[in-house]
Amino acid sequence: MDDIYFTKSGKNNDPPGSEINKNQKPEKKDNNIDIDSGRGKKKSPIKVLISILLVVVIIFLSSFGYIYNLMSKVNYNEAGHKDNVYVNDDALAFSSNVWNILFVGVDRRSSDLSSRSDTMLLLSIDSANKKIKMTSFLRDLWIDIPDSGYAKLNAACTYGGAQLVMDTIEYNFNIKIDNYALVDFEMFTDIIDMLGGVNVEVTEKESKYMSTKVFENGVPLSISHGENVHLDGTEALWYCRIRALDSDFMRTYRQRKVMTSIISKFKQTNIIELKNIAIDILPKIETDLSALTLTKLSFGTVFKYMRYEVEQAKIPADNTWKNGKKKGQSVLLADLDKNRLFLEDFLYSKDEKNGKNEGTSS
């Protein structure tokens with residue numbers, strides 16, 4: 001039987017009443033925390049997790065606040081998008097998975113807000129199918145502009161700004177437009193220059209046309225041809241505006257090519273450069289997208305949309321139109337029924353895995 005010694009008070013540093021087995025090795029100290037008493041060195045896994053979550057939340061809120069302040073610089077037009085009084089909402093095709101933003105590009109060389117729209121491009125974010133869809137509406141479409149009668153589609157911007165452009169497209173094509181952004185050519189060139197230019201395919205005919213017909217400050221533009229031609233902001237703008245060479249269909253095709261290249265450049269640009277671009281261009285954009293919505297869109301772009309596939313279309317679609325003359329103007333006469341069906345199918349086509357069209361079309 002082991003000998004047990006009782007330590008007397010005052011003989012050593014052990015407290016009176018403690019018992020020691022001389023042949024037993026000292027037990028190792030347990031460094032695990034006593035959650036109730038708070039003793040120990042290691043933290044509880046729960047506390048570690050809470051600490052990490054708090055750090056993540058703080059970083060997120062700081063980033064969100066910074067982006068929000070940045071987006072507040074946009075030219076926000078709160079009253080810029082009213083309900084369409086010319087068509088009932090329940091008659092418009094829509095989907096909760098598709099976000100339609102209409103970009104209206106104007107040749108605004110003064111402060112005149114009623115300039116004709118040179119470009120009408122619907123950018124649709126399809127989260128169900130993970131696609132970005134770009135749809136060009138040709139400006140020479142002979143169309144019924146509510147309260148103004150028949151005219152070319154680009155006249156709608158002159159008659160009633162971006163609001164009437166949205167109303168006209170909804171009225172004639174039965175698709176719901178959620179938001180808009182109105183930009184001018186100066187902003188377009190600034191974006192491309194700040195991205196370091198864009199690369200697009202330029203045909204030999206396009207190269208010759210730009211070099212002999214288009215002038216910038218009295219100096220002919222010298223553009224090479226090839227599959228991957230680098231263009232700066234001014235060159236890209238003139239490239240997008242080529243029309244007399246072929247047709248308005250090809251002009252909008254060139255616009256979509258440049259937009260696709262811009263999206264590709266955005267994907268390759270770091271956050272600091274994107275921030276600098278935003279600071280410069282946001283005040284030049286008129287939109288009904290609030291700072292909060294733009295902030296959410298920014299986070300979505302960084303974490304999701306940049307990985308989406310890009311698809312393109314145009315209105316009127318192939319084999320749904322013919323050339324015509326109206327009031328002494330060359331116009332496009334389109335079969336609206338066929339184009340409504342085409343557009344609804346393009347924007348809201350049913351995906352076997354991800355969802356279906358939730359809207360209706362009359």
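Analyst: A salt bridge here is a side-chain nitrogen of Lys or Arg within 4 Å of a carboxyl oxygen of Asp or Glu. The model is predicted, so local features need pLDDT of at least 70 and side-chain atom pairs count only at pLDDT 80 or more, while totals for chains, interfaces and linings use all residues. Residues are numbered from 1 along each chain as its sequence is written, and side-chain values use heavy atoms, with hydrogens and water left out.

The structure holds 11 salt bridges. In one of them Arg-254 pairs with Glu-206, with the closest N and O atoms 2.8 Å apart. This pair links distant parts of the chain, since Arg-254 belongs to helix α6 (residues 248–268) and Glu-206 to helix α4 (residues 204–213), 48 residues apart; helices (H or I, at least four residues) and strands (E, at least two) are DSSP runs, numbered from the N terminus. Arg-254 and Glu-206 are both buried, where buried means under 20% relative accessible area, exposed over 50% and partly exposed in between (1.4 Å probe, protein chains only).

Asp-140 and Lys-152 also meet through their side chains, at 3.3 Å from N to O. Because Asp-140 lies in the loop between β6 (131–137) and β7 (142–145), and Lys-152 in strand β8 (residues 149–152), the pair ties together parts that are 12 residues apart in sequence. Both Asp-140 and Lys-152 are buried.

Within helix α9 (residues 336–348), Asp-337 and Arg-340 are three residues apart and therefore separated by about one helical turn; their closest N and O atoms are 2.5 Å apart in a salt bridge. Arg-340 counts as buried because its relative accessibility is 18%.
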